[in-house]
Amino acid sequence: MRDIVENGEAVLDYIRGMDLKAYRENRLVRDATERCFARISEAAVKLGPLAEELFPAHDWLAMRHFGNVLRHDYRGVIDTVIWNAATDPLPLLLAELTSFLAHYPEEQETL
């Protein structure tokens, strides 16, 4: 969960102050954002069914599959899809995970 938060916060930092046009025009930000989403996807895989149990409002299956697209079908990555993921569901997911993790010491690795 902490990996998702760390990488999600990085995404939000990278795109802060941008709109979709600025995002599309900045290759460095696009590449960094995609890499963070790949890490988020891998962390979602490692969480397994626990993710759905604790946070059922989020589309964990889509998060897991998103990493496959980023790693294997990178020519099929659409900037608008990445942008929408970063600006809509990501902030809510991060808020929920951060709130949940506040009840556990940072060094604790498992529930």
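Analyst: A pocket is an open set of points on a 1 Å grid over the protein atoms alone, where a 1.4 Å probe fits, with protein on both sides within 12 Å along at least five of seven lines; its lining residues have an atom within 4 Å of a point. This is a predicted model, where local features need pLDDT of at least 70, side-chain atom pairs count only at pLDDT 80 or more, and totals for chains, interfaces and linings use all residues. Residues are numbered from 1 along each chain as its sequence is written, and side-chain values use heavy atoms, without hydrogens and water.

User: What lies in the second largest pocket, and which residues are closest to its centre?

Analyst: About 300 Å³ of space. Of its 14 lining residues, Phe37, Met63, Phe66, Ala85 and Pro89 are the closest to the centre.

User: How do the residues of that lining divide?

Analyst: Into 11 nonpolar, two polar and one charged.

User: What makes the reach of helix α1 close to what is expected?

Analyst: The expected span is 1.5 Å times one less than the number of residues. Helix α1 (residues 2-15) has 14 residues and reaches 20 Å from its first C-alpha to its last, close to the expected 20 Å.

User: Which residues of α1 are buried, and what covers them?

Analyst: Ile4, Val5, Asn7, Gly8, Ala10, Val11 and Ile15 are buried (under 20% relative accessible area, with a 1.4 Å probe and protein chains only). Their cover includes α2 (20-25), α3, α5, α6 and α7.

User: With which residues is Trp60 in contact, leaving aside neighbours within four places in sequence?

Analyst: With Ile4, Ala44, Leu47, Ala51, Glu52, Phe55 and Leu93, where contact means heavy atoms within 4.5 Å.

Terms used: Points joined across faces, edges and corners; volume = space filled by probe spheres on them. Nonpolar A, V, L, I, M, F, W, Y, C, P; charged D, E, K, R; others polar. Helix = DSSP H or I, 4+ residues; strand = E, 2+ residues; numbered from the N terminus. Buried < 20%, exposed > 50% of the residue type's maximum accessible area, 1.4 Å probe, protein only.
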